[in-house]
Amino acid sequence: MTGPSSKVSGSQTSGAYATMSLVSFRDVSIDFGQRSILRHFSLDVEVGETLVLLGRSGSGKTTALKTVNAMLFPTTGMVLVEGRATTAWDHIQLRRRIGYVIHDSGLFPHYTVAQNVAVVPRLKQWPAADIEARVANLLQKVGMPVEEFGARYPDELSYGQRQRVGVARALAADPPLLLFDEPFGSLDPVTRLELQRQFIELRQELRKTSIFVTHDVREALFLGTRIAVLLKGSIEFVGPRREFLQASTPEARAFLSCLEPLEYDTEQSLA
Amino acid sequence: MIPNSLLHELVTLTMQHFFLVGVSMLLAASVAIPLGIILSWRSGWRDVALEVVNVVQTVPSLALFGFLIPVPVLGGIGSHTAIIALVLYALLPMLHNTVTGILNVDVAVRDSATALGMTTGERMWQVELPLAAPTILAGVRIATVTTIGTATIAAAIGAGGLGVFIFRGLATVDSVLLLAGAIPAALMAIAADRGLEWVERALSRY
């Protein structure tokens with residue numbers, strides 16, 4: 001009885017110390033009833049990189065993301081954050097160390113822009129003056145100066161402005177890790193490009209580690225330092241941007257083919 | 001035109017009526033709102049509880065007052081029996097609106113509250129209850145307006161209130177007495193409706 005169990009815990013400890021990845025998915029599988037959403041998903045996220053999870057709807061990318069901040073737990077396998085399994089973390093403390101941006105911002109409608117950005121620092125009981133300074137600084141960074149936007153409510157903002165506030169809120173308590181779940185998915189292409197450029201600027205300035213979920217191959221190539229292609233809950237391909245462009249796996253090729261110009265009959269369209 | 005003694009009695013009965021409704025609403029709210037919060041977490045209990053208060057609601061009010069008279073301790077003749085019956089009636093709209101108000105909070109908002117690292121309590125007090133407040137208050141308003149009407153029947157079991165005039169007017173076929181009970185009750189209902197509607201709107205402005 002003691003033999004095998006000590007062996008298991010021994011291998012887990014050595015594994016945790018062997019790699020100091022910020023996030024480490026270890027053979028993660030998730031089943032919802034009969035449906036398996038993730039299958040033997042293994043991946044390490046290193047400090048400072050932007051890892052993009054690229055996949056179609058239903059490929060399991062959002063599910064994978066939600067295991068990192070303990071919104072979901074693996075059926076089998078484990079997710080390590082800073083070397084510790086999410087099941088072993090205090091979930092509240094873990095989530096306060098991870099910024100989270102979702103596609104429809106999830107801003108609190110009854111809080112002003114400034115109050116929304118202040119949520120996590122306030123939960124962490126920062127001094128009021130520090131919170132105020134931090135909010136002003138971050139809103140400035142995302143192009144929403146506090147003098148102009150701080151007192152507004154989310155329903156008084158455009159969709160793109162709400163997403164900017166969502167990014168500021170995620171950054172508020174200076175978390176080492178950020179999770180993005182298709183944050184720019186519903187934006188018009190011009191605004192999307194603005195926010196993507198801003199993402200890169202902020203990344204250069206703040207040097208955060210990010211996991212970014214998208215189904216947009218252009219976005220993946222623009223923002224990702226490394227790209228993982230998901231297919232039916234498994235990783236089909238993972239590698240740096242340059243390798244992804246040369247990838248030969250079918251799903252990666254399918255995504256890359258989206259970059260080719262559409263074929264249409266020029267003669268006919270001119271006629 | 002209206003005799004002085006009648007006017008005097010009107011004031012007393014109106015006060016009694018106000019007391020019956022006020023106490024019932026306070027009791028009902030202090031049961032229904034916390035219970036509604038608990039039920040919003042427990043889908044299993046929710047259907048059972050809402051079904052029970054639904055059934056209570058279908059019992060005709062005069063019959064419910066009658067049923068309570070023989071019940072020991074809680075029942076009998078007088079205002080406390082009436083208050084118990086009025087509380088039972090007020091539970092449904094308050095409970096229903098509390099549960100609906102909390103469950104209708106946008107999933108994205110609730111999820112992001114969790115993902116930001118709020119505890120269940122922080123999420124409840126800072127996000128779910130403030131956003132559900134207008135709906136909860138609408139339940140209180142519906143319950144109050146209905147109870148002001150139902151409370152007139154409480155006079156049948158000796159609880160006093162404006163129903164005393166109505167029952168006396170019915171017995172003596174005196175329409176002045178009937179109106180002396182009905183009109184103040186109606187005015188009280190309208191005032192409660194307007195007042196609570198104003199509070200509701202103030203709350204939804206955040």
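# Exercises on a predicted two-chain model

By the rule used here (a side-chain nitrogen of Lys or Arg within 4 Å of a carboxyl oxygen of Asp or Glu), the count over all chains comes to 17 salt bridges. The model is predicted, so local features need pLDDT of at least 70 and side-chain atom pairs count only at pLDDT 80 or more, while totals for chains, interfaces and linings use all residues. Residues are numbered from 1 along each chain as its sequence is written, chains are lettered from A and ligands numbered from 1 in the order in which they are written, and side-chain values use heavy atoms, with hydrogens and water left out.

## Exercise 1. A salt bridge within chain A

Task: find the salt-bridge partner of A:Arg226 and state where both residues lie.

Solution. 
- Step 1. The partner is A:Glu49, with an N to O distance of 2.8 Å.
- Step 2. A:Arg226 belongs to strand β9 (residues 226–231) of chain A, and A:Glu49 to the loop between β2 and β3 (50–55) of that chain. Helices (H or I, at least four residues) and strands (E, at least two) are DSSP runs, numbered from the N terminus.
- Step 3. The two residues are 177 residues apart, and the pair links distant parts of the chain.

## Exercise 2. The interface of chain A and chain B

Task: describe the contact between chain A and chain B by its residues, area and polar pairs.

Solution. 
- Step 1. Count the residues in contact (heavy atoms within 4.5 Å): chain A gives 22 and chain B gives 17.
- Step 2. Take the buried area, which is the accessible area (1.4 Å probe) that two parts lose on being put together, summed over both. It is about 1700 Å², and carbon and sulfur atoms give 67% of it.
- Step 3. Of the area that chain A buries against chain B, 30% is supplied by A:Phe108, A:His110 and A:Leu123, more than any other three residues.
- Step 4. The rule finds one salt bridge across this interface. B:Glu122 pairs with A:Arg96, their closest N and O atoms being 2.9 Å apart.
- Step 5. On the side of chain A that touches chain B, α3 (91–96), β6 (98–102) and α5 (119–123) each supply at least two residues. The largest share, four residues, comes from α5(A).
- Step 6. By class, that side of chain A has 13 nonpolar, three polar and six charged residues. Ala, Val, Leu, Ile, Met, Phe, Trp, Tyr, Cys and Pro count as nonpolar, Asp, Glu, Lys and Arg as charged, and the others, Gly among them, as polar.

## Exercise 3. The fold of chain B

Task: state how many helices and strands chain B has, and its extent.

Solution. 
- Step 1. Chain B has eight helices and zero strands.
- Step 2. Along the principal axes, the C-alpha atoms of chain B fill a box of roughly 70 × 40 × 20 Å.

## Exercise 4. The largest pocket

Task: characterise the lining of the largest pocket.

Solution. 
- Step 1. On a 1 Å grid over the protein atoms alone, a cavity is a set of points where a 1.4 Å probe fits but cannot get out, and a pocket is an open set with protein on both sides within 12 Å along at least five of seven lines; lining residues have an atom within 4 Å of a point.
- Step 2. The largest pocket holds about 270 Å³ of space; grid points are joined across faces, edges and corners, and a volume is the space filled by probe spheres set on the points.
- Step 3. The pocket is lined by 16 residues, with A:Arg35, A:Ile37, A:Gly58, A:Gly60 and A:Thr63 closest to its centre.
- Step 4. α2(A) gives the most to this lining, four residues.
- Step 5. The lining has three nonpolar, eight polar and five charged residues.

## Exercise 5. The second largest cavity

Solution. 
- Step 1. This cavity has a volume of about 60 Å³.
- Step 2. β6(A) supplies the largest share of the lining, three residues.

Technical notes
Polar contact = N/O pair within 3.5 Å; in protein donor to acceptor, adjacent residues only side chain to side chain.
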